[in-house]
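Dear colleague,

Please find below the structure that I am handing over to you. My notes on what was found in it follow directly after.

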Amino acid sequence: MPLTDVTTDLDTRTLVMTCDFPVTPERLWQVWADPRQLEQWWGPETYPATVTEHDLTPGGLVKYHMTSPEGEKFPGGWEVIAVDAPHRLELRDFFADADGNPVESAPESRVVIEITATDTGARMVNTSTWESAEDMQKVLDMGMVEGSTSAVSQLDALLAA
Amino acid sequence: MTSSDEDRADAFFHALADSTRRDILRRVLAGEYSVSALAVDYPMSFAAVQKHVAVLERAGLITKRRSGRESLASGDVEAVRAVGAMLTELEDVWRGRVKGIDALLAQDTTTDTTT
């Protein structure tokens with residue numbers, strides 16, 4: 001696994017993941033910038049994503065839906081806030097209605113992706129922040145999240161002052 | 001999602017968004033403590049510690065019982081696990097995505113379709 005570090009912060013409801021890939025930043029950027037590549041990894045394995053709109057410019061929208069094993073569609077999207085290819089992407093990740101427009105009452109998170117060159121390839125740091133605790137709980141309740149892992153081993157880190 | 005779920009999530013995070021309360025919770029998860037025994041270790045009044053314990057109790061993270069004149073607090077391991085699970089599940093979504101990106105990038109070398 002390319003994952004090198006994960007930290008979660010209860011105070012700020014932030015998840016920071018650091019991963020290293022043996023490719024150039026330019027190549028890594030394509031997995032975000034090319035909708036056909038994006039849909040190969042955005043959805044969970046059993047909820048593949050289909051990207052229907054992809055405008056990676058500030059103010060632009062990316063629209064997609066994920067399809068459940070039963071064929072139910074879960075639309076979502078991003079509002080692009082800032083782009084600095086191939087190094088930085090900032091977006092608002094939202095749940096969408098059937099037409100692909102943001103559902104204002106639904107939870108949303110702010111995602112910042114930072115890609116830098118390293119000796120062995122490229123490092124991607126993903127910082128996801130949820131607006132409120134309810135937003136986090138709603139994401140889980142909406143059934144977008146597959147499975148559940150035991151949190152026992154992480155309790156200590158989580159509670160560390 | 002019901003409003004009681006929302007209230008519960010809110011209470012959890014409010015309770016955990018304070019380093020003294022997290023410290024209290026860590027200790028009472030390991031064993032039962034009287035509130036007065038807990039209070040000795042913090043540079044604040046007994047009443048202030050009692051308040052922190054009350055916040056944790058309202059969030060369902062600890063339970064209290066009376067023993068004579070003492071009020072004994074212990075942590076509810078299951079409740080604390082539930083909070084951890086919330087963040088862990090969100091983490092799992094991104095772990096899955098990272099795995100997917102890795103698999104996608106690995107195709108470059110096996111299929112020679114580097115763009």
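**A buried glutamate in chain B**

Glu91(B) counts as buried, because 21 C-beta neighbours lie inside 10 Å. Please bear in mind that this is a predicted model. Glu91(B) belongs to helix α5 of chain B. Residues up to four places away in sequence aside, Glu91(B) touches Val6(A), Thr8(A) and Leu15(A).

**Confidence**

For the complex, the predictor gives an ipTM of 0.76 and a pTM of 0.64. The average pLDDT of chain B is 80, and 77% of the residues in that chain score at least 70.

**The nonpolar cores**

The largest nonpolar core has 25 residues, and the members that touch the most others are Phe21(A), Leu28(A), Val31(A), Ala122(A) and Met124(A). Both chains contribute to this core: at least two residues each come from β2 (14-21), α1 (25-33), β4 (61-67), β6 (88-95) and β8 (121-130) of chain A, and from α5 (77-111) of chain B. Another core, of 15 residues, lies apart from it and includes Phe12(B), Ala15(B), Leu25(B) and Leu56(B). As general background, nonpolar side chains in soluble globular proteins tend to be buried together.

Which residues does Ala122(A) contact, once its neighbours within four places in sequence are left aside? They are Phe21(A), Val23(A), Thr24(A), Pro25(A), Leu28(A), Ile115(A), Thr116(A) and Ala117(A).

Helix α1(A) also deserves a comment. Leu28(A), Trp29(A), Val31(A) and Trp32(A) are buried in α1(A). These residues lie on the same side of α1(A), because the arc they cover around the axis is only 145 degrees.

**The sheet in chain B**

Chain B contains an open sheet of 3 strands in the order β1-β3-β2, and the pairing is antiparallel. Strands β1 (33-34) and β2 (62-67) of chain B are at the edges with a single partner strand each, so each has one side without a neighbour in the sheet. Between β2(B) and β3 (residues 70-75) of chain B, the antiparallel pairing runs over 6 bridges. One particular bridge joins Lys64(B) to Ala73(B), its partner in β3(B).

Helix α2 (residues 19-30) of chain B packs on this sheet and touches β1, β2 and β3 of chain B. The direction of α2 in chain B makes about 90 degrees with that of β3(B).

With kind regards

How values were computed:
Residues numbered from 1 in each chain as written. Chains lettered and ligands numbered in written order. Core = buried A, V, L, I, M, F, W, Y, C linked by C-beta atoms within 7 Å. Buried ≥ 20, exposed ≤ 12 C-beta atoms within 10 Å, placed from the backbone. Helix = DSSP H or I, 4+ residues; strand = E, 2+ residues; numbered from the N terminus. Contact = placed C-beta atoms within 7 Å. Pairing = 2+ DSSP bridges. Axes fitted to C-alpha atoms, helices over the stretch in contact; angles between N-to-C directions. pLDDT = per-residue confidence, 0-100. Arc of directions from axis to C-beta.
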